[in-house]
Amino acid sequence: MHCCNKTIYLFGNTTFRNVHITGQANEIYANFYGLHFAEGITKAAGVTYTAKNIYAGTGNKMITDDNFPKKDIAVSDVVLSIDSGDFSYVYGGGRESQTGSTGHSVNITINGGTIGTLNGSGYYDSNYTGDTIHNGISIAINGGTITNLNGTREYTVVNGNVEVLFGANVNVSSLYAYVVTGDEILTYKGTDSEALNATFSKGTRKFSVLKLENSALTVPNESGVSTAWGAFKKVVLTDNSKLSLEMKPSNTVSVEVTKSGTDWQTTTPIITAPSG
């Protein structure tokens, strides 16, 4: 595929598979249709990105230009997945598109590839009204390399939860979530302790709920970690999960322990670290 730094607009569910990029696209707008970068995405020498910026939503031109087909975004769900490819920015919404209130949820799955910054919502600033996402944002990271991950950006209203779920083989440098009307949930599922510790200590900020599913996490006594921990209001531990604190938290956190297949659970505050 040769794009010559152009902008690509999509008007239907699209999958890219076994594509060799000889000239990168500057922007791709999925227009709230499903977008999947499957396996086998490669690029020629001298090409920096598969596509520089990916928007799961739309842009102003697609809203205001009558030549563009329209989709009822008020009931659209974002479904975006990446298995391979190199991208500078990936957004779960649009860019500076004054679409008003929308009813979609955002569902992003990353299984591979390299991403500079992943944002659960779109790109907006103080001059534009961001989307209202009524059914929450879900981001599942099962592989790949991501430098910065934002559960959502400013100027976007999220009704419901923003959940970032980490599986195995995760390489993320920093995490951030802006305030939403629900909870910002950071979930580790089946992830080894070393990967968990590396991710947690690299700038986890503004998440209100920490959830462990078949995972063991040791929270290190390192600079910046206590600040990240201070944002948590609740910790949820499921089957075969373990949490150890090497630092003494300054805040009280509710701990919920659940076991699948039974009807019991307990909630108790953390008063001091296990180390005393």
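# Close-up views of a predicted model

**View 1. Strands S4 and S7 lie side by side in this view.** S4 and S7 pair in the parallel sense, and four bridges hold the count between them. One place to look is Ala25, which stands opposite Ala51 in S7. As you explore, keep in mind that this is a predicted model. S4 also has a partner in strand S1 (residues 7–9): three bridges join the two, and they run parallel. To find this second pairing, look for Thr7, whose bridge partner in S4 is Glu27. Is S4 enclosed or open to the outside? Four of its five residues are buried, so S4 is largely enclosed by the rest of the structure.

**View 2. The whole chain gives the setting for the close-ups.** The chain has three helices and 26 strands. It holds 276 residues, and buried residues make up 49% of them. The chain exposes about 12100 Å², of which carbon and sulfur atoms supply 45%. How far apart in sequence are the residues that touch? Take the contacts between residues at least 6 apart in sequence: 65% of these join residues at least 24 apart.

**View 3. Strand S19 has a parallel partner in S17 and another in S21.** S19 covers residues 184–189. Five bridges join strand S17 (residues 162–166) to S19, and these two run parallel. S19 and S21 are also joined by five bridges, and they too run parallel. Leu165 stands opposite Thr187 in S19, while the bridge partner of Thr187 in S21 is Lys211. Why can S19 be called largely enclosed by the rest of the structure? The reason is that five of its six residues are buried.

**View 4. Phe16 and Phe37 form a stacked pair of rings.** A search of the whole structure finds seven aromatic pairs, and this view shows one of them. The ring centres of Phe16 and Phe37 are 5.1 Å apart and the planes meet at 15°; planes under 30 degrees apart count as stacked, so this pair is stacked.

**View 5. Tyr55 and Tyr91 make another stacked pair.** Their rings are 4.9 Å apart from centre to centre, with 5° between the planes. This pair, too, links distant parts of the chain: Tyr55 sits in strand S7 (residues 51–55) and Tyr91 in strand S9 (residues 86–91), 36 residues apart. Are these tyrosines buried or exposed? Tyr55 is buried, with a relative accessible area of 1%, and Tyr91 is buried as well, at 4%. Ring pairs link Tyr55 and Tyr91 with Tyr9, Tyr29 and Tyr89 into a cluster.

**View 6. Thr152 and Ser121 meet through their side chains.** Thr152 lies in a loop, between strand S15 (145–150) and strand S16 (157–158).

**View 7. Asn31 and Asn214 have positive phi angles.** Asn31 has a phi of about 55° although it is not a glycine. Its place is in the loop between strand S4 (25–29) and S5. Phi of Asn214 is near 55°, again a positive value in a residue other than glycine. The place of Asn214 is in the loop between strand S21 (209–213) and strand S22 (216–219). Asn214 is partly exposed, with a relative accessible area of 41%.

Conventions:
Residues are numbered from 1 along each chain as its sequence is written. This is a predicted model: local features need pLDDT of at least 70, side-chain atom pairs count only at pLDDT 80 or more; totals for chains, interfaces and linings use all residues. Side-chain values use heavy atoms; hydrogens and water are left out. A polar contact is a pair of N or O atoms within 3.5 Å; within protein, one must be able to donate a hydrogen and the other to accept it, and residues adjacent in sequence count only if both atoms are side-chain atoms. Rings of Phe, Tyr and Trp (its six-membered ring) pair if their centres lie within 6.5 Å; planes under 30 degrees apart count as stacked, over 60 as edge-to-face and the rest as tilted. Buried means under 20% relative accessible area, exposed over 50%, partly exposed in between (1.4 Å probe, protein chains only). Contact means heavy atoms within 4.5 Å. Accessible areas come from the Shrake-Rupley method with a 1.4 Å probe; for residues, only the protein chains shown count as cover. Two strands pair if DSSP finds at least two bridges between them.
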